[in-house]
Amino acid sequence: MPQTSNHGQDPTDPKSKKVKEVEIGVPIVYGNVAFWLGKKASEFQSHKWTIYIRGATNEDLSVVVKRVVFQLHSSFNNPTRVVDTPPFELSESGWGEFEIVITLHFHTDVSDKPLHLYHHLKLYPEDESGPLSTKKPVVVESYDEIVFADPSETFFARVLNHPAVNVPKLPPGLILPPVPIEDVDRKKRGDTKDHPLSQWFTNFSEADELLKLTAARQQVQGHIARLRRQLSLVDGQHQQLKPAPDL
């Protein structure tokens, strides 16, 4: 879970006034969708793919993210691709798989430090013996949450009721600054709910994540219980092997 902060801002700037002991969470999903070109495929153009970062429920991330930089393989023309407007995605075609660095740059009242994510572009299904399909793409996605500690008041106010952001209850007595109209209108500018690829997106619902966490916790507890039993057996055998004390 990546964490960031607002360190480095001018303390006299009203935007830098922070809400102490508060954390704002932004669930994100990043990954790629890749389609095999079928009869149109050539030696160097076998797939059409899209790399992206989106809200976990396909909400607009531009309330937090200002721009995204995708660093492609050096064999591409202009391998450093900058996307300044949502949805934050990039489409290309090619034949090889490689690691893509995704760098998020935030608005000045969010954080002055960029965040680097790493995604291995996947074009081929795990079962390489199966037939390739032009209709069903290969989809590989990762779920994470960016945590902003001690957010600025302007950031807190702007995302207070935004569906892409997890905001705690307003601390007692805190009066937030007014939100500019352009920031209010930004809410659905990059919403990807009607995105042409949305039918292939993984559903990372909170319930699903809780179930996965519970299952993982139970698995860990099971391992611990088994280790304890093994240790008690070893300890019991050790006790039995001890020589009897001299009388």
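Is Lys122 buried or exposed? Lys122 counts as buried, at 18% relative accessibility. Buried means under 20% relative accessible area, exposed means over 50%, and partly exposed lies in between (1.4 Å probe, protein chains only).

The structure is a predicted model, in which local features need pLDDT of at least 70 and side-chain atom pairs count only at pLDDT 80 or more, while totals for chains, interfaces and linings use all residues. Residues are numbered from 1 along each chain as its sequence is written, and side-chain values use heavy atoms, with hydrogens and water left out.

The chain holds three helices and nine strands. Both kinds of element are DSSP runs, numbered from the N terminus: helices are H or I with at least four residues, strands are E with at least two. From the N terminus on, the order is β-β-β-β-β-β-β-β-β-α-α-α. Of the 247 residues in the chain, 39% are buried. The chain exposes about 15300 Å², and carbon and sulfur atoms supply 55% of this area. Accessible areas come from the Shrake-Rupley method with a 1.4 Å probe; for residues, only the protein chains shown count as cover. A contact means heavy atoms within 4.5 Å. Among contacts in the chain with a separation of 6 or more, 70% join residues 24 or more positions apart.

Four strands form an open sheet in the order β5-β4-β7-β8, with antiparallel pairing. β5 and β8 (115–120) stand at the edges with a single partner strand each, so one side of each has no neighbour in the sheet. The twist averages 20° from one strand to the next. For such angles, axes are lines fitted to C-alpha atoms, for helices over the stretch in contact, and values run from 0 to 180 degrees between N-to-C directions. Two strands pair if DSSP finds at least two bridges between them. Strand β7 (residues 99–106) and β8 run antiparallel and are joined by six bridges. Thr103 stands opposite His116 in β8. Strands of a sheet pair through backbone hydrogen bonds, either parallel or antiparallel.

A salt bridge is a side-chain nitrogen of Lys or Arg within 4 Å of a carboxyl oxygen of Asp or Glu. By this rule there are five salt bridges. One of them links Asp84 and Arg67, with the closest N and O atoms 2.9 Å apart. Asp84 lies in the loop between β5 (80–83) and β6 (88–94), and Arg67 lies in strand β4 (residues 65–71), so the pair ties together parts 17 residues apart in sequence. Asp84 is partly exposed, at 44%. Arg67 is also partly exposed, at 29% relative accessibility.

Arg81 forms a salt bridge with Glu92, the closest N and O atoms being 3.0 Å apart. Arg81 is in strand β5 and Glu92 in strand β6, so this pair ties together parts 11 residues apart in sequence. Arg81 is buried, with a relative accessible area of 14%. Glu126 bridges to Lys122, and here the closest N and O atoms are 3.6 Å apart. Glu126 is exposed, at 69% relative accessibility, whereas Lys122 is buried.

Some backbone details lie in loops. The peptide bond from Pro86 to Pro87 is cis, with omega near 0°. Pro87 belongs to the loop between β5 and β6. Glu21 is not a glycine, yet has a positive phi of about 55°. Glu21 sits in the loop between β1 (3–4) and β2 (23–36) and is exposed, at 81% relative accessibility. Asp150, not a glycine either, has a positive phi of about 50°. Asp150 is found in the loop between β9 (138–149) and α1 (153–158) and is partly exposed, at 25%.
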